[in-house]
Amino acid sequence: MRNTYENLQNNHPCFGGHKNNAGRIHLPVSPGCNIACKFCDRTINDVEERPGVTSKVLSPDQCEEILEKAIEICPDIKVAGIAGPGDTLASDNAFETFKIVKEKFPNLIKCMSTNGLLLNERADDVISVGIDSLTVTVNAVDPEIEAKLNDFIIYHGEKIEGIKAAEILINNQLEGIRKVAAAGITIKVNTVLVPDINGDHIEEIAKTVKEAGATIYNIIPLIPQHKLKDQRAPKCIEIDAARSKASKHIDVFRHCQHCRADAVGVPGKSEFGDQIYQRRLNVKETFSHG
């Protein structure tokens, strides 16, 4: 039986469980990505606190030992999540890992994040492995806006750019959300707020993903970097305004901590990633989009 949204609100940090000291561990098992987001700088390092960063990439068979160690050090962990550093659907690593979690740690909530490019065709895999909550990053539902945020996608071995790439991505995201939501899995949608690109588009995204089956919406302020390093980050008043517009259509989450892909502990209260992953690297090594 899948966890209900109410249970997730009590036990999952990204749904409100932070109030109850609910912890999570992110397992960085997904190395490659299939979208070249202009704001994404996926790296291996120990020093940055943001999505897409990890100190190492694990293989699925390393995760059982890691989970045992993490739960011993932090008994508050209730969620095993996979959020990168690449896309979880671009390889089978996340599914192999969740099979281990399901068998060895059945009480842990299983949480996955994806860009959604392959969600339409891999929805059955997501459903069958027993995911409790799925996060999909949807930065636009208008192809012209989406095309300003991505350089290209790699889809079935083909590099596709521009409006065509954006149309494929948006269609696959929304169709995938519909399929997964229909199976009873709670869907959270993340949107990276880039004020001068999708700032006036947030309400339309929120309305569209809600209609597709999403339950909760999270607006993440842009960290100016990579090819959008010259774009400005949103001001607090702009973030609040975007959340207010989105909340007309969908429940809005307001406590995102910009977690690393190898985060461990209770967000904002404890962090055990150094102990669990034995972080030693102090240099920044950029991933390529593969």
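Of the 290 residues in this chain, 57% are buried, where buried means under 20% relative accessible area, exposed means over 50%, and partly exposed is in between, with a 1.4 Å probe and protein chains only. Please keep in mind that this is a predicted model, in which local features need pLDDT of at least 70, side-chain atom pairs count only at pLDDT 80 or more, and totals for chains, interfaces and linings use all residues. Residues are numbered from 1 along each chain as its sequence is written, and side-chain values use heavy atoms, with hydrogens and water left out.

In what order do its eight strands stand? They go β12-β11-β10-β7-β6-β5-β1-β13, forming an open sheet with mixed pairing. Two strands pair if DSSP finds at least two bridges between them. At the edges stand β12 (251–253) and β13 (264–265), and each has a single partner strand, so one side of each is left without a neighbour in the sheet.

Now find β1, residues 23–26. Are its faces covered or open? Both are covered: Gly23 and Ile25 on one side, and Arg24 and His26 on the other, are all buried. Strand β1 pairs with β5 in the parallel sense over four bridges, and Gly23 has Ile77 of β5 as its bridge partner. With β13, β1 runs antiparallel, joined by two bridges; there, Arg24 stands opposite Gly265.

Further along the sheet, β6 (residues 109–114) and β7 (residues 133–137) are a parallel pair with four bridges. Ser113 stands opposite Thr135 in β7. Helix α3, residues 93–104, packs on the sheet and touches β5 (77–82) and β6, where a contact means heavy atoms within 4.5 Å. The direction of α3 makes about 170° with that of β6; axes are lines fitted to C-alpha atoms, for helices over the stretch in contact, and angles run from 0 to 180 degrees between N-to-C directions.

Next comes helix α9, residues 236–246, which lies across β10 (186–193), β11 (216–221) and β12. Which residues of α9 are buried? They are Ile239, Ala242, Arg243 and Ala246. They cover an arc of only 100° around the axis, which puts them on the same side of α9; the arc is that of the directions from the helix axis to the C-beta atoms. Here is a handy rule: an α-helix has 3.6 residues a turn, so residues three or four places apart point the same way. The cover over the buried residues of α9 includes β10, α8 (202–212), β11 and β12.

Asn198 counts as buried because its relative accessibility is 0%. Its side chain reaches the backbone oxygen of Asn139 at 3.1 Å. Leaving out residues up to four places away in sequence, Asn198 touches Asn139, Ile145, Leu149, Thr191, Val192 and Leu193.

Finally, some backbone details. The peptide bond from Gly84 to Pro85 is cis, with omega near 10°, and Pro85 sits in the loop between β5 and α3. His156 is not a glycine, yet has a positive phi of about 55°. At 59% relative accessibility, His156 counts as exposed.

Key: Polar contact = N/O pair within 3.5 Å; in protein donor to acceptor, adjacent residues only side chain to side chain.
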